[in-house]
Amino acid sequence: GWVGCLPDRLKPYALLMRLDRPIGTWLLLLPGWWSIAAATCAIGPMAMTHGLYLALLFGIGALIMRGAGCTINDMWDKDFDKQVERTRLRPLAAGTVTMRQALTLVTILMTFGLGILLQLSLTAIIIGVASVILVVLYPLAKRVTWYPQAVLGLTFNIGALMGWAAVTNGIILPPVLLYIGGFFWTLGYDTIYAHQDSTDD
């Protein structure tokens, strides 16, 4: 894809962020967009311009945070990834990116992510900061539970809460229900995804 057109020194970082596989960004972004749309409609036409602005911020934020999350995941799983056919050529596992370079990339991405987060409401900021804990802990969940996709579900659907909070600066039942629905949606698709590695497991 288009990642192949990048300068050679940038390709490993793009692959580390999974920019060649945008589906993960969409899966992270959609709950936030759904929630922004619902909250904006609940308020009325006056909120439309602000809703579109928030949708843009969430789009950029999803790309950045998905890249940071993938990099953190690969930093934890570097040695495991070397033993799995699907992941053995990932930049950290293959040695095309060092751990120090990966940490630098995460720092840059998280700084940009913080810049976006600080443009949201206070409630959305609090939820966003709390979600970083889930981003960091998700790779570890694979070591202590048979259901890491449950932790991924909690992480990937946080936009359902943040989107509503960004529009209204509060949380009520509808975004909570959307978050719960998104959790089970993620539980389903990530269970299917995990079966790719059943032989190596």
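1. Helix H2 is kinked. The bend, the angle between axes fitted to the seven residues ending at a residue and the seven starting there, is about 30 degrees at Leu-29, shortly before the proline Pro-31. Helices here are DSSP runs of H or I with at least four residues, numbered from the N terminus. This is a predicted model, in which local features need pLDDT of at least 70 and side-chain atom pairs count only at pLDDT 80 or more, while totals for chains, interfaces and linings use all residues. Residues are numbered from 1 along each chain as its sequence is written, and side-chain values use heavy atoms, with hydrogens and water left out.

2. What does the end-to-end span of H2 say? The end C-alpha atoms of H2 are 30 Å apart. The 21 residues of H2 should span 30 Å at 1.5 Å a residue, so the two values agree. The expected span is 1.5 Å times one less than the number of residues. Gly-44 follows H2 and has a positive phi, near 125 degrees.

3. Which residues of H2 are buried? Buried means under 20% relative accessible area, exposed over 50%, and partly exposed in between, with a 1.4 Å probe and protein chains only. The buried set in H2 is Gly-24, Thr-25, Leu-27, Leu-28, Leu-29, Pro-31, Gly-32, Ser-35, Ile-36, Ala-39 and Thr-40. Their cover includes H3, H7, H8 and H9. Contact here means heavy atoms within 4.5 Å.

4. Ser-35 deserves a separate look. Ser-35 sits in H2 and counts as buried, at 1% relative accessibility. Neighbours within four places in sequence aside, Ser-35 is in contact with Gly-159, Ala-160, Gly-163, Trp-164, Pro-175 and Leu-178. The C-alpha atoms of Ser-35 and Met-162 are separated by 8.0 Å. Along the chain, Ser-35 and Met-162 are 127 residues apart.

5. Met-162 also belongs to the core. A nonpolar core is a set of buried Ala, Val, Leu, Ile, Met, Phe, Trp, Tyr and Cys residues joined through side-chain atoms within 4.5 Å. The largest one has 46 residues, and Leu-54, Phe-58, Leu-120 and Met-162 touch the most other members. At least two residues of this core come from each of H1 (11-16), H2 (23-43), H3 (48-81), H5 (99-117), H6 (122-144), H7 (148-156), H8 (159-168) and H9 (173-194). H3 gives the most, with eight residues. Not counting residues up to four places away in sequence, Met-162 touches Phe-58, Leu-117, Leu-120, Ala-124, Ile-127 and Gly-128.

6. The aromatic pairs come next. Rings of Phe, Tyr and Trp (its six-membered ring) pair if their centres lie within 6.5 Å; planes under 30 degrees apart count as stacked, over 60 as edge-to-face and the rest as tilted. The count is four aromatic pairs. Trp-26 and Trp-33 have ring centres 5.9 Å apart and planes at 70 degrees, so this pair is edge-to-face. Trp-26 is partly exposed at 42% relative accessibility, and Trp-33 is partly exposed at 32%. Trp-34 and Trp-185 have ring centres 5.5 Å apart and planes at 45 degrees, so this pair is tilted. Trp-34 lies in H2 and Trp-185 in H9, so the pair ties together parts that are 151 residues apart in sequence. Trp-34 is partly exposed, at 40%, and so is Trp-185, at 33%. Ring pairs join Trp-34, Trp-185 and Tyr-189 into a cluster.

7. Two loop residues other than glycine have positive phi. Arg-18, in the loop between H1 and H2, has phi near 60 degrees. Asn-169, in the loop between H8 and H9, has phi of about 60 degrees. Are they buried or exposed? Arg-18 is buried, with a relative accessible area of 8%. Asn-169 is partly exposed, at 42%.

8. Asp-77 is found in H3 and counts as buried, at 6% relative accessibility. Asp-77 touches Pro-139, Lys-142 and Arg-143, not counting residues up to four places away in sequence.

9. Finally, the cysteines. How many disulfides does the structure hold? With a disulfide taken as a pair of cysteine sulfur atoms within 2.5 Å, the structure holds zero. Cys-41 is exposed, with a relative accessible area of 61%. Cys-70 is buried, at 13%.
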